[in-house]
Amino acid sequence: MNLLLLIGLPLLTAVAVLLSRNKEQVKWISLLGSMAQLALAFMLFFIFRNERATGNVTQMLFEQNYPLFSSLNINFHFGVDGISVAMILLTSFVVVAGVLVSWNIEKMTKEFYFLLLLLGMGAYGFFISLDLFILFFFLEISVIPKYLLIGIWGSGRKEYSANKLALMLMGGSALILVGILGLYFAAGRSFDIMELSKATVSLSYQHILFPLLFVGFGVFTALFPLHTWVPDGHSSAPTAGSMFLAGISMKLGGYGCLRVATYLLPEGAKEFANIIIILSAIAILYGAFATMMQKDLKYINAYSSVSHVGFSLLGIGMLTQTAITGALMQMVSHGLMTALFFAVIGMIYDRTHTRMVGEMGGLMKKLPFISSVFFIVGLCSLGLPGLSGFVAEMTIFMGSWENTDAFHRIATIAAAMSIVVTAVYILRAIGNTVMGPIRNESYLSLKDAAWNERLAAIILVVGILAIGIAPGWLNDLLRPAAEEIMNRIAGN
Amino acid sequence: MNEFFTLMKSELVVTAIIFLLLFIKISKGIQHSSLLSLIQVLLLINFIAGFFFNKSGGLFGDMYQTSPLIVFQKNILSLAVYLISLLCTDWLKKTEHLPEFFMLMLSALLGMFFMISSGNLLIFYLSLELASIPVAAMANFDLSKKRSSEGAMKMILSSAFSSGILLFGISLIYGITGTLSFAAIPQLLDGSTLQIMAFIFLLSAFAFKLSIVPFHLWTADVYEGSPIATTSFLSVVSKGAIAFVLMTALYKVFAPMQDVWYTMLVILAIITMVIGNLFAIRQQNIKRFLAFSSIAQVGFILVGISSGSEIGITAVVYFVLIYTFSNLAAFGVAAVIAEQTGKENIDDYKGLYKTNPFLCWILALALFSLAGIPPTAGFFGKLFLITAGATKGSYTFITIAALNMIISLYYYLRVIRAAFMDKNDNPISTIKLNASVKLAMIICGAGILLVGLLSWVYDYIHSLSL
């Protein structure tokens, strides 16, 4: 399968959006384009499974390599393993849902969809890149769409949030840039991930470059204490913007932490694993407790994202195959879940014009569909068996427990404790918004979800259920790839 | 004789155009508006002519040298001049002394061509003077504005001062080595204290022209006072030419003293980036803003130059090409708005997107490119400069450069935020764009988007610089 389609199709859609005449055209072109991306992602998934089933165990499939800046040995090198396929699937789900929930955007519709599709394209490109330079290019390409999406279509302190987000992510990028240049020169002038994974980088270099790269990518994925852009950015962004930010963009960071920092610099990873574990345990607990204090639904989900993403970083820090598989599952699961969460918040806000938990109540009576979805996503967030959150967190804990020493055990227990806190804030939020009597008279006239909102919610719920009920397929996808990474760490 | 014509082709074409303008001026036969179109066509011819009959070689006992790379550098400058003539159409149409303005500009360009081609300190000095004195006259071209005269005065004084320093440095070099030829000097250098002193004088003169901190004080005032056509010429063409010559001087003439100049460049690059960036944050006037931003950009160019290898040459030439498109696009937008509404402050740009979406996108592309954000070419340009700087293995230096990109992003975002996000009850009204202005902006926009993504441009420059 030609992976360039994954970049070409969104780009084509975006260009078509630019050329379209009116809002209706813009919306339908975007929807068709994103549906085609979803189909493409599924095709990739099935072809990939087939290839693996027929015994093709090459680490990267469908590789393509074109020289780009040949004098600097920069190549347009693409390929996918199980991790990339899972991330691409996640991206395509979120893109479709994001396009659907933005159906009623009135202000500058064309620009909105254009930027949204561009953001999606950046993510696809990032996940299939096997050249650090190209990877960095696609990571950075999302800065403009993110900044403009929040700054123009956002709410609240949107300019402040947009600035903060752009600058903090740029800071992360600066560290990544220095890190990849360090790798480039340390490994004899190559940006190629596959070549770098075979190169030997001296210990002292690894100890310098690993923190640069891990912290750099960590900024993207809300590594404590560099998570502060998350609450502001997510709460100010428009609904689809929040979905993309939390559902896709934060995963870019997690993927980078694993694929670039940990995979390419295994000795560095071993050296700093404990610090990662401490930081992510703090993030998990801090995020959970901070969420307890929030009254705004978007802030609730933003802080709980800090906590949930902490789990995937914890999994990476544990450096066992199961834990890394779990970390990746958590990325996919959290991506779907948080996108759905933001979508539901957006739907509620469109109707009630408030995001304050205290001002709502009894929405279940008037908005049964939205409220049920809210219920499902809440339960997923607190880790109910049968939904994706449980599978992912369980796998991480099992993997963490493989480390037998006291330090790892204590960190695992501390992280697991956060689930109790999660249950408290989730149940409280759900209870106060959808249960109980209707507190506001005007809510009596509210209308339940429209077709586009239903479709968006159903697509994401299907994803959550598919992982929650039958996690085998995701496990089959991720485990061999995690094994490759573990092999490199173990030094085979 | 034949060789004389082919090798000096670029200079001869420019000279011919200057004389043509002189005759036109005397004859007074052509109307003002068609004169501008004629000039634009001539400049286009000048740019296109740069691509034909290119040979390498030397003339006058290697006092004048040329090579494909040098021709390419000259082409970048010609392109910039052509774009300036298009972008500043509105202002140029109002100027009374149109032929004189272009005669001055082309004389300066001629000086720069000779400067880039110089193979001897003497011709280098002469051409540098030719490249700077007309610019001072150009700075004075807003005849009714006092600020314009003030800018010109500051410019000529600082130019004269830096020329003095340069001459002193050259005389020391001559005293030490007994020669002025670029080819002969390196063999006679051994890094003695006197030579380092001579080198410092030379470098200071370069620093004046490039507005490297702490020699940058004239920049902001001159930029603000001059008409935008002059400002963009100063910030793009002058800077580019001097950066090219600085590379030649460092890589060829002072190659034996690489350790000395590497340290100096690192220090200068760091303070230039930091000071330029920090001052840019505070600016309200768009011209002053772009002045400090271009100081910071020069800091980045120094990062590339510090590499001392062909990667550095490639990165710098490539960056100057991209910088030409980006900076001219930004200046072009500022010029149109300033000329039609008289507004030059960033706060005036609030709500611009509602009324002028095209201008806003061009401005955004230009500023994102200057900030180094993909998919614009500026991303590649900055990245390759930093890569070149990293070849020496000093990661602290590279980290500081990378962190400076954050500060610069902050102030570029300020303008974008004003244009796209801030509300304004009384925004700049819809501006009707002249066809040639629009053409130039589209060229710049295309350049910003394509020069980076079309990777053969970089590889081509690299093949020239080997």
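The axis of a helix is here a line fitted to its C-alpha atoms over the stretch in contact, and the angle between two helices runs from 0 to 180 degrees between their N-to-C directions. Two packed helices are described by this angle and by the distance between the axes. The model discussed below is predicted.

**A helix pair in chain B**

Helix H4 (residues 68-87) of chain B packs with helix H20 (residues 456-465) of chain B at an angle of about 135°, and the two axes are 8 Å apart. Angles over 145 degrees would count as roughly antiparallel and those from 65 to 115 as roughly perpendicular, so H4(B) and H20(B) are oblique to each other. On the H4(B) side, the residues that meet H20(B) are Pro68(B), Leu69(B) and Phe72(B). Their partners in H20(B) are Ile461(B), Leu464(B) and Ser465(B). Sorted by class, this contact has five nonpolar residues, one polar residue and no charged residues.

**Helix H8 of chain B**

Helix H8 of chain B covers residues 146-177. With 32 residues at 1.5 Å a residue, H8(B) should span 46 Å, and the distance of 46 Å between its end C-alpha atoms therefore agrees. The buried residues of H8(B) include Ser148(B), Gly151(B), Ala152(B), Met155(B), Ser158(B), Ser159(B) and Ser162(B). Further along, Ile165(B), Leu166(B), Gly169(B) and Ile173(B) are also buried. An α-helix has 3.6 residues a turn, so residues three or four places apart point the same way. After H8(B) comes Gly178(B), which has a positive phi, near 75°.

**Chain A as a whole**

Chain A contains 20 helices and two strands. Its radius of gyration is close to the value from the globule rule, so chain A is as compact as a globular protein of its length. The table lists values for the chain.

| Property of chain A | Value |
|---|---|
| Radius of gyration | 21 Å |
| Span of the C-alpha trace along the principal axes | about 70 × 60 × 45 Å |
| Buried residues | 63% of 492 residues |

Of the contacts in chain A between residues at least 6 apart in sequence, 80% join residues at least 24 apart.

**Where the chains meet**

How many residues of chain A are in contact with chain B? There are 26, and they touch 26 residues of chain B. On the chain A side, strand S1 (61-69) and helices H5 (132-140), H6 (143-153) and H7 (158-186) each supply at least two residues. The largest share, 12 residues, comes from H7(A). By class, this side of chain A has 18 nonpolar, six polar and two charged residues.

How values were computed:
Residues are numbered from 1 along each chain as its sequence is written. Chains are lettered from A and ligands numbered from 1 in the order in which they are written. This is a predicted model: local features need pLDDT of at least 70, side-chain atom pairs count only at pLDDT 80 or more; totals for chains, interfaces and linings use all residues. Two residues are in contact if their C-beta atoms, placed from the backbone, lie within 7 Å. Helices (H or I, at least four residues) and strands (E, at least two) are DSSP runs, numbered from the N terminus. Ala, Val, Leu, Ile, Met, Phe, Trp, Tyr, Cys and Pro count as nonpolar, Asp, Glu, Lys and Arg as charged, and the others, Gly among them, as polar. The expected span of a helix is 1.5 Å times one less than its number of residues. A residue is buried if 20 or more other C-beta atoms lie within 10 Å of its own, exposed if 12 or fewer, and partly exposed in between; C-beta atoms are placed from the backbone. Angles under 35 degrees count as roughly parallel, over 145 as roughly antiparallel, 65 to 115 as roughly perpendicular and the rest as oblique. The radius of gyration is taken over C-alpha atoms; the globule rule is 2.2 Å times the number of residues to the power 0.38.
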